[in-house]
Amino acid sequence: MGPKLLAEMRRVMRARHYSRRTERAYMSWARRFVVFHGRRHPAEMGEREIELYLSSLATHGKVSVATQAQATSALLFLYREVMQRDIPRPTRILRPRSTRPLPVVLTPGEVRAVCNQLDGVYRLVAMMLYGSGLRLLECLTLRVKDVDLERREIRVRRGKGGRDRVTMLPESLVVALQAHLARVRAQHQRDLAVGAGHVALPGALKRKSPGAARAWAWQYVFPAARMHLNLATGQPRRHHIHETAVQRAFRNAVRDAGIAKRATCHTLRHSFATHILEAGYNIRTVQELLGHRDVRTTMIYTHVLNRGGLGVKSPLDMLRDSSVMQR
């Protein structure tokens, strides 16, 4: 696959405002597709080669349904949008078995134990993930203007699927978040004093409002400890904390808390949804807070509620006070 085709693929995705993660994933699938077929150029291949590759992912790669679907979308994007070829969606392919594992959920006590193992900014991030139901990158990419301390709200801009939403800001985090923002603002003032203080801006805002890059409102709530030099502009910038640093700290905290569950940062979002459903809140409300397009996505949490299947009391528990249980 030539560099010109890769560059064109990147250009088309950026013109359509695809996320950087989607861009990296699609280009990776395009490269793997080419390597699988002996580095033949995509122009020399078509529907048959796509079907062979996707079937191989299921039979030899043992990938999930979602992974195969992403690979399909990437290759269709390459042919339809970049190469302008009308390739039909593959139908004659072997598909993985459709399974949907239940999400891992921590109990409130386990959440407390993990947070107690974290310090500083990592502790605050974990508490916001659990307290507001945020995805990790949604939390780390928050700007100062997106946090409304008075209304106790967090505005998530361009979340998964490009959707905006409003979720809660826990009352118990207000004081800690105020102190954190005060430290971040002092750091930003020091950056401005040495001619820095720039931050990356979304879309065309840099052209429409050049001064916004140094404005306090547009700074990240969780900025990185170090600045980096943007090669395109020559500006010293401060990005947000990298997600791998938080993931590493959380993984160590789970281990140190002695929790024998395969918990990740995203587990805190699962726990948020499960616990507020257990508290009796309407599933539609939970759907809005999580930003799910379809309520069926939210309904997965009804299967992991800490109340037995669908809230039904076990018949064994009905025998608790009987003579059977006294033996």
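The legends below describe a predicted model, first as a whole chain and then in several close-up views.

The model is predicted, so local features need pLDDT of at least 70 and side-chain atom pairs count only at pLDDT 80 or more, whereas totals for chains, interfaces and linings use all residues. Residues are numbered from 1 along each chain as its sequence is written, and side-chain values use heavy atoms, with hydrogens and water left out.

**Figure 1. Overview of the chain with its 14 helices and five strands.** Helices (H or I, at least four residues) and strands (E, at least two) are DSSP runs, numbered from the N terminus. Taken along the principal axes, the C-alpha atoms fill a box of roughly 75 × 60 × 35 Å. Of the 327 residues in the chain, 43% are buried, where buried means under 20% relative accessible area, exposed means over 50%, and partly exposed lies in between (1.4 Å probe, protein chains only). Among contacts (heavy atoms within 4.5 Å) with a separation of 6 or more, 60% join residues 24 or more positions apart.

**Figure 2. Helix α2 and its surroundings.** The 17 residues of α2 should span 24 Å at 1.5 Å a residue, and the end C-alpha atoms of α2 are 24 Å apart, which agrees; the expected span of a helix is 1.5 Å times one less than its number of residues. The buried residues of this helix are E23, A25, Y26, M27, W29, A30, F33 and V34, and they pack against α1 (3-15), α3 and α4. After α2 comes G38, which has a positive phi near 70 degrees.

Figure 3. With a relative accessibility of 62%, R39 counts as exposed.

**Figure 4. V82 in helix α4.** Helix α4 covers residues 65-82 and includes V82, which counts as buried at 11% relative accessibility. Not counting residues up to four places away in sequence, V82 touches L5, E8, M9, V12 and F77. For one of these residues, M9, the C-alpha atom is separated from that of V82 by 5.8 Å, although V82 and M9 are 73 residues apart along the chain.

**Figure 5. M127 in helix α6.** M127 counts as partly exposed, at 27% relative accessibility. Leaving aside neighbours within four places in sequence, M127 is in contact with C115 and L173. The C-alpha atoms of M127 and P170 are separated by 9.1 Å, and these two residues are 43 residues apart along the chain.

**Figure 6. Helix α11 within the rest of the structure.** α11 has 14 residues and reaches 21 Å from its first C-alpha to its last, close to the 20 Å expected at 1.5 Å a residue. Twelve of these 14 residues are buried, so α11 is largely enclosed by the rest of the structure. The buried residues are C265, T267, L268, R269, H270, S271, F272, A273, T274, H275, I276 and L277, and they pack against α5 (108-116), α6 (120-132), α7 (136-140), β3 (165-168), α10 (243-256) and α12. Just after α11, G280 takes a positive phi of about 100 degrees.

**Figure 7. Packing of helix α11 with helix α12.** Two packed helices are described by the angle between their axes and the distance between the axes. Helix α11 (residues 265-278) packs with helix α12 (residues 283-290) at an angle of about 155 degrees, and their axes are 10 Å apart. That makes α11 roughly antiparallel to α12, because angles over 145 degrees count as roughly antiparallel, under 35 as roughly parallel, 65 to 115 as roughly perpendicular and the rest as oblique. Axes are lines fitted to C-alpha atoms, for helices over the stretch in contact, and angles run from 0 to 180 degrees between N-to-C directions. The contact is made by R269, F272, A273, I276 and L277 of α11 together with I283, V286, L289 and L290 of α12. The contact residues divide into eight nonpolar, no polar and one charged, where Ala, Val, Leu, Ile, Met, Phe, Trp, Tyr, Cys and Pro count as nonpolar, Asp, Glu, Lys and Arg as charged, and the others, Gly among them, as polar.
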